[in-house]
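Hello,

Here is the structure I promised to pass on. Please open it first, then read my notes below.

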Amino acid sequence: MMTELSSLILDRIRDVPDYPQPGVLFKDITPLLADPVAFTAVTEELAGLYEVDKIVGIEARGFILAAPVAIRAGAGFVPVRKKGKLPSETLEASYDLEYGSATIEVHRDAFTPGERVLIVDDVLATGGTARAAVELVRRAGADVVAIAVLMELAFLKGRERLTDVELHSLVVV
């Protein structure tokens, strides 16, 4: 099944050179999202990985994957957003990414201490965003069970920044 799923995913990822800036090869998941068979297969796979209380989705494409995964897994959904986008009291973490730096936030009261959390995102690149999300969840008192991503860009070595948390990648390129 995993080889079939990998092919399904890789056949529906579009490479966009020089986006969002020159030298970056962007992995566009919108063709996968537009295919109901592929999108459902990805959602089902991610939802079945771990038993958790909450699923975190990282802005923005992580939201698209994490929300249906949370529904399918019977878990709550928690958005981790760019700074200034959440309406209540937040925790924040800054990080570097492959083409700049950013700050993300989560609501301070998004988790109950001890809750089991799965962090979901579309692509693991340098690991900066995922690392910041792990720290936010932990600072809020919850336990990060794992990070699950649709695609891992192995050449950027993001996995090396996440050695203290389980990482599950549906495909590695």
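How many aromatic pairs does the structure hold? It holds two. Bear in mind that this is a predicted model.

Aromatic pairs

Tyr19 and Phe26 make an edge-to-face pair. Their centres are 5.1 Å apart, with 80° between the planes. Tyr19 is partly exposed, at 46% relative accessible area. Phe26 is buried, at 14%.

The other pair is Phe63 with Phe77. The ring centres lie 6.1 Å apart and the planes stand at 90°, so this pair is edge-to-face too. Phe63 sits in helix 4 and Phe77 in strand 4, so the pair ties together parts that are 14 residues apart in sequence. Phe63 is partly exposed, with 22% relative accessibility. Phe77 is also partly exposed, at 33%.

Helix 4

Helix 4 runs over residues 61–73, 13 residues in total. From first C-alpha to last it reaches 19 Å, close to the 18 Å expected at 1.5 Å a residue. Which of its residues are buried? They are Gly62, Leu65, Ala66, Val69 and Ala70. These cover an arc of only 130° around the axis, which puts them on the same side of helix 4. Several elements cover them, including helix 2 (30–34), helix 3 (36–47) and strand 3 (54–58). Strand 4 (76–82), strand 7 (116–124) and strand 8 (143–152) are also among the covering elements. After helix 4 comes Gly74, whose phi is positive, near 70°.

Helix 3

Helix 3 has twelve residues, which should span 16 Å at 1.5 Å a residue. Its end C-alpha atoms are 16 Å apart, in agreement. The buried residues of helix 3 include Ala38, Ala41, Val42, Leu46 and Ala47.

Leaving out residues up to four places away in sequence, Thr43 touches Pro68, Val69 and Arg72.

Nonpolar cores

The largest nonpolar core has 32 residues. Ile9, Val42, Ile55, Leu118 and Leu150 touch the most other members. At least two residues of this core come from each of helix 1, helix 2, helix 3, helix 4, strand 7, strand 8 and strand 9 (167–172). Take Leu118 from that list. Not counting residues up to four places away in sequence, its contacts include Leu46, Tyr50, Val52 and Ile55. Ala146, Ile147 and Ala148 are also among the residues that Leu118 touches. There is a second, separate core of 28 residues. Ile58, Phe111, Ala140 and Leu162 are included in it.

Two single residues

Asp28 belongs to strand 2 (residues 25–28). With a relative accessible area of 11%, Asp28 is buried. Its side chain makes a polar contact with the side chain of Thr30, at 2.8 Å. Beyond its neighbours within four places in sequence, Asp28 is in contact with Arg12, Ile13, Arg14 and Val16.

Ser7 lies in helix 1 (residues 2–10). Ser7 is partly exposed, with a relative accessible area of 37%. Ser7 and Val69 are 62 residues apart in sequence. In space they are 20 Å apart, C-alpha to C-alpha.

Best wishes

Note on methods:
Residues numbered from 1 in each chain as written. Heavy atoms only, no water. Helix = DSSP H or I, 4+ residues; strand = E, 2+ residues; numbered from the N terminus. Buried < 20%, exposed > 50% of the residue type's maximum accessible area, 1.4 Å probe, protein only. Expected span 1.5 Å × (residues − 1). Arc of directions from axis to C-beta. Contact = heavy atoms within 4.5 Å. Core = buried A, V, L, I, M, F, W, Y, C linked by side-chain atoms within 4.5 Å. Polar contact = N/O pair within 3.5 Å; in protein donor to acceptor, adjacent residues only side chain to side chain. Phe/Tyr/Trp six-rings, centres within 6.5 Å; stacked < 30°, edge-to-face > 60°.
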